[in-house]
Amino acid sequence: MNTRIYIDADACPVKDEIYRVAARFNLPVSVVAGTWLRVPQDPMIECIAAGSGIDAADDWIAERATKGDVVITADIPLASRCVKSGAAVIAPNGKPFTEQSIGMTLAMRNLMTDLRSTGEITGGPKSFAPRDRSAFLSALDQTIRRIQRDQAASAPKQS
């Protein structure tokens with residue numbers, strides 16, 4: 001089973017960091033957005049223009065991400081779909097989305113959406129800080145190492 005990193009790329013502030021980590025582990029990367037984005041000239045990095053539909057990029061990622069893959073997104077509904085398919089999911093600030101946390105995270109997102117729709121001022125997300133970048137790099141590295149350990153442990157033994 002080969003690990004692939006999927007980036008929900010439209011508003012991802014850590015693409016360059018992902019490219020560096022992926023190169024270190026020799027992992028392929030799919031950079032998925034609604035339209036074409038500029039990506040490094042590297043055979044391990046592909047750019048996918050999923051289309052202009054409201055959830056086209058999310059749908060493209062969710063249909064492909066499986067156990068052993070890593071998805072980078074701040075989109076909570078997409079994170080939920082990918083966690084359910086067994087992928088490891090990390091937000092750009094380094095926060096992991098897990099089976100244990102995704103239900104509450106999704107419920108909170110829906111509550112905040114409902115509050116905003118009634119005119120309640122809830123504020124936006126915190127701005128991206130250097131410590132978020134550092135937390136993300138650490139989380140991505142740890143996640144890939146854990147996946148590789150799990151894959152090695154479940155590989156059939158050669159005799």
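Which element gives the most to the lining of the second largest pocket? Helix α5 does, with 6 residues, and the sections below place that helix and its neighbours within the fold.

## Basis of the model

This is a predicted model, in which local features need pLDDT of at least 70 and side-chain atom pairs count only at pLDDT 80 or more, while totals for chains, interfaces and linings use all residues. Residues are numbered from 1 along each chain as its sequence is written, and side-chain values use heavy atoms, with hydrogens and water left out.

## Overall composition

The chain's secondary structure comes to 5 helices and 6 strands, where helices (H or I, at least four residues) and strands (E, at least two) are DSSP runs numbered from the N terminus. Read from the N terminus on, the elements follow the order β-α-β-β-α-β-α-β-β-α-α.

Of the 159 residues in the chain, 42% are buried; buried means under 20% relative accessible area, exposed means over 50%, and partly exposed lies in between, with a 1.4 Å probe and protein chains only. The chain exposes about 9,500 Å², of which carbon and sulfur atoms supply 53%, the areas coming from the Shrake-Rupley method with a 1.4 Å probe, and for residues only the protein chains shown count as cover. Among contacts (heavy atoms within 4.5 Å) between residues at least 6 apart in sequence, 49% join residues at least 24 apart.

## The sheet

The 6 strands form an open sheet with mixed pairing, in the order β3-β2-β1-β4-β5-β6; two strands pair if DSSP finds at least two bridges between them. The edge strands, each pairing on one side only, are β3 (45-49) and β6 (96-97). Strands β4 (residues 70-72) and β5 (residues 88-90) run parallel and are joined by 3 bridges, and Ala-88 in β5 is the bridge partner of Val-70. Helix α5 (residues 130-154) packs on the sheet, where it touches β1 (5-8), β4 and β5, and its direction makes about 175 degrees with that of β5; for such angles, axes are lines fitted to C-alpha atoms, for helices over the stretch in contact, and the values run from 0 to 180 degrees between N-to-C directions.

Strands β1 and β2 also run parallel, joined by 4 bridges; in β2, Ser-30 is the bridge partner of Tyr-6 and Val-31 that of Ile-7. In a regular strand the side chains alternate between the two faces of the sheet. Both faces of β1 are covered, with Ile-5 and Ile-7 buried on one side and Tyr-6 and Asp-8 buried on the other. Both faces of β2 are covered as well, by the burial of Val-29, Val-31 and Ala-33 on one side and of Ser-30 and Val-32 on the other.

## Helices α1 and α2

In helix α1 (residues 15-25), the buried residues include Lys-15, Glu-17 and Tyr-19 along with Ile-18, Val-21, Ala-22 and Phe-25. What covers the buried residues of α1 includes β1, β2 (29-33), β3, β4 and α5. In helix α2 (residues 56-64), the buried residues are Ala-56, Ala-57, Asp-58, Trp-60, Ile-61 and Ala-62, and they pack against β1, β2, β3, β4 and α3 (76-84).

## The loops on either side of α1

Cys-12 lies in the loop between β1 and α1 and is buried, with a relative accessible area of 8%. Not counting residues up to four places away in sequence, Cys-12 touches Ile-7, Ile-18 and Ile-72. The C-alpha atoms of Cys-12 and Ala-33 are separated by 10.0 Å, although these residues are 21 residues apart along the chain.

Asn-26 follows α1 and lies in the loop between α1 and β2. Most residues other than glycine have a negative phi. Asn-26, although not a glycine, has a positive phi of about 60 degrees, and this residue is exposed, with a relative accessible area of 57%.

## The second largest pocket

About 380 Å³ of space lies in the second largest pocket. A pocket is defined on a 1 Å grid over the protein atoms alone, as an open set of points where a 1.4 Å probe fits, with protein on both sides within 12 Å along at least five of seven lines, and lining residues have an atom within 4 Å of a point. Grid points are joined across faces, edges and corners, and the volume is the space filled by probe spheres set on the points.

The lining comprises 21 residues, of which Lys-67, Gly-86, Ala-87, Ala-88 and Arg-146 lie nearest the centre of the pocket. At least two lining residues come from each of β5, β6, α4 (99-117) and α5.
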